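Biologist: I am new to this structure and would like to learn how to read its features one by one. Could we look at it together?

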Amino acid sequence: MTDIEQKSLISEKTDHHVEQARKQIKDWLNKPMRVSIIDGRVLVGVLLCTDRDQNLILGNCNEYIGSPSEQEEFRVLGLALIPGQHIQSIYIEEGPSSIFSHSNPSHTSITTTNDHMLDDDKSDG
Amino acid sequence: MQETIGNTTYNWTDVTGQFADLCHNLNIGEVVRDRDFTLFEAMTALELMDPKMDGGMSIKNHFQEQKQGNRILTLKQLIEKNLLKISSFTSIELIHLFDQLLSTFHMWLDGHSLALTLFTCVYLHDIPIIEDYHLRTICYTFIKLIDYIRERILLKAGLFEEEDFSGTLTYNFPFYRDMIKDQTCLTDLKKCEDELNKRLRSLKHQTDLNQLDINATQQLIYRIRFLRLFFGLTLKFNEANEKTGEQTYLNSEEISKTLKQIDEILQLIRPSHILEDETTKTDDSTELIIPISLLTDISRSFDPYYNYRQLPPAFNRFIRQLILPSVVYTSLTNLCHQLRKMLEITDKRTLKHSFEFFLEYSTNEKPSLFIRSLLLLSYLPSVQGCLLSSRKIFGQISFAEQVKYEIRLFIVPPLLTLKYITIDNETLNYSENFFQRACVPFSNLFYSLCNNRARTREKLSNLLDEFSVLQDESEKLDQWLHKYFLQHILQANLSTVNHQALLLIEKTSYFFQFILHWTLLIMEYYLLMGFDLSLYSKRELYDVYFYFAQIILFTHVNVYKTSTNILNTTVPFLVQLNQKQQQMNKNQINNVFIQQLNSLIQQHTNDDPLQDLTNDNSSTQKKNKKKNLNGIIPPNIEYHEQEFLLTNGHLSMSTATHRCLKALEIEQRLKFSSNDSNYFLRDEIRYSHRFLPFANLCAPPYMSHADFLQIQHVSDNRYTASELYQDAINNFTHAKTYFENYVNRVTTSKQHQQQTLSRTFTTGFTSLTDVESYIRIAKTNGIVLKLLLSGHKPDVKLDFDFSLHAHYPTLKL
């Protein structure tokens, strides 16, 4: 086995690993998620997007202070970005019959682009 | 773990560690997302733990307090439990309540929500329950005041943004519309004042003088008088006529009188200052010291969380600390100052002067939403069901009339200057149509200028589309009128036909030039606002200065030249024509437009270009002028002189800047360019984004990026760095001369004109203070460039410094 072959094998192996991680996260997309952050708030919403630093974007997100089951009051945040560094714990509902399944068209309403017009000058310069 | 939230039960699995591991496998910058989810959407996400975005951040502590049984009590409960009193307040207590209310009012004006400001005062939730007459009146007045500002000023002006007042201007709070009238509040306040004055007198006659009580009563009287005057002042803006429900127009004299009274009262009021620790004594007599022990009876009068349960869930819960009364009173003094300055708009009788005033006011005063709304309503009072374009300036002059008058001032088109021509119906309709259409963009322009600066810029870019349509229209109108007037003038059969003037009239596109003039003004302001808002990156400076100079300002200089030439050449001719026909027509003015404009023209006889020549028995000075104008082209430029100097100054300035950018780039002497071989000129996307609003205009024609590169290739690229340096130096010198001349003209003419007070020191889009900075920049840059040219410090890289003025950089060695 030449060096090059060996290298390619290793990279294939890691590639495989990365691919699996990617797949697992992809499976979790659009599933309900319960994230608590360090100041004690709990956020419940569906996972839409994440990256290496665990920055999460949750759709249809509600904010609870303390335990959500005890709290009658909550704040509707809608689309929320949780920076990875503030996350304390993550729970996910993995049920196969998730109502937020990918193919469900009703889900798309979470992130319609209606009022997402950006003032493009703010994004540059 | 199972958890029921609302109606849904979740089966949670803890994936904290697993998730972190999985994420760690991702590459840097890689994002796992759903197909439907775009990063563009992600931009709109609310970022948690971000102090600016995340309103929930600060609330946690309060919740922990609440859990310990610290429930919010309603006003009724508070009264039942004897926690709050509703009668027999001392003056000190009233002063405290007043200052707190004023502070929350001030916060509300700043754009916070009513629920988190004024209505944190528990009394406001049920005013009739209050037994104390003074407090009840004060509370009613505050309610009426916000109701009026909201209903008749902010909503009428329609300038507020989504985020102002936390996204809502409508509330379910009681406003007692049917119970109390605005005027009742004013009379009630007056009664309070009288009653307190009586009390003050009796206090002074008591044997044992209670100095604190006397002072407090006196201060309370001042406060109530202030509130009465301030409410009265607010009511004067955009007030509805009681019978017709229509607008009453601004009475600036009355308003400035009230402003003066308010100013005097504000001088007398000593802001209250609560002393929590009574052992420390301050000798500061500017503040009214209130020991906290005197306020125990009303300690629960303000509850920041009172409305908490009524707030919609998505509402911002972030509550700011109350502003100190001393700060509130100072900022109210500033408010008065701004209002007084704002009243100067009533002196501005032309669109150009108003435009200049709006620009100057928004730059110098940085007015808040409240003031901007007042400005718009003062300039264009809103009438029920009336479109913006059909509103009248100061409620008197329609835009169509004003535009006609403005064109006449700018370029004396025969249509609007010849008194004795008869205009047939077709021409009349055709031109009237044009003026009516012009109302929309012009009224929009002033509306745009009242928005906040970022929004103004956006609106101006939309406005350019409307002006582009108007350019088309004006061209058509010009073509139509050309034929018409030649016929007419020939028919007049003048014995001494001035051929040159005739030729000029024939060749001039009057209306097009006028519309082009305004288009260019907007374009110039639009580009410069980009600098003011620091939107441009250093990479695109070259593009911006190039476009500004070579396309916009260059065209504008030509427009001014044309207009000046026409004024100089045709005014005597037109006057002659008018005089000739005057005898034939026996003073019967036939021109419908002149008939319409007559009142406007007579109001401003001094400004009218035709006026100084029509009066035959004028002073000798005017006769001299007449002589001068009768010459073919007079040697001195008189019309648009200031504008001409300024536009040329800007032209030289930005030409110099882009020349010197080019030279520095060739020599790789830019500090920030990071060794790119081609630092400027590369970004086609940025280029087209910056100048996109100009793309649809027919004049000045849009220069596409390809053309732009082509021109760079054939012109600037041929020159060496030293040639470019030399050219930049020359241009900076020119700019300096132009600007200095302008300053001289303005300062000398200032001495001549007596009405300096009401003048704006802005011409076009440039104010006098701008010009002073420009001169310094031109001077410095000229010197730096000379050093560079002589080979001084060849290795040192240069940086741009926009600290002297946002519009042009100073070069820093």
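This is a predicted model: local features need pLDDT of at least 70, side-chain atom pairs count only at pLDDT 80 or more; totals for chains, interfaces and linings use all residues.

Biologist: How many cavities of 30 Å³ or more does the count come to?

Modeller: Rolling a probe the size of a water molecule over the atoms shows where empty space is left. Here the count comes to 7 cavities of 30 Å³ or more, a cavity being a set of points, on a 1 Å grid over the protein atoms alone, where a 1.4 Å probe fits but cannot get out. Residues are numbered from 1 along each chain as its sequence is written, and chains are lettered from A in the order in which they are written.

Biologist: What volume does the largest cavity have, and which residues are the closest to its centre?

Modeller: Its volume is about 100 Å³, taken as the space filled by probe spheres set on the points, which are joined across faces, edges and corners. Of the 13 residues that line the largest cavity (an atom within 4 Å of a point), the closest to its centre are B:Leu481, B:His482, B:Phe485, B:Ile505 and B:Tyr510.

Biologist: Where is the cis peptide bond that ends at B:Pro700?

Modeller: Most residues other than glycine have a negative phi, and most peptide bonds are trans. The bond from B:Ala699 to B:Pro700 is cis, with omega near -10°, and B:Pro700 lies in the loop between helix H24 (684-690) and helix H25 (705-714) of chain B, where helices are DSSP runs (H or I, at least four residues) numbered from the N terminus.

Definitions and conventions:
Side-chain values use heavy atoms; hydrogens and water are left out. On a 1 Å grid over the protein atoms alone, a cavity is a set of points where a 1.4 Å probe fits but cannot get out, and a pocket is an open set with protein on both sides within 12 Å along at least five of seven lines; lining residues have an atom within 4 Å of a point. Helices (H or I, at least four residues) and strands (E, at least two) are DSSP runs, numbered from the N terminus.
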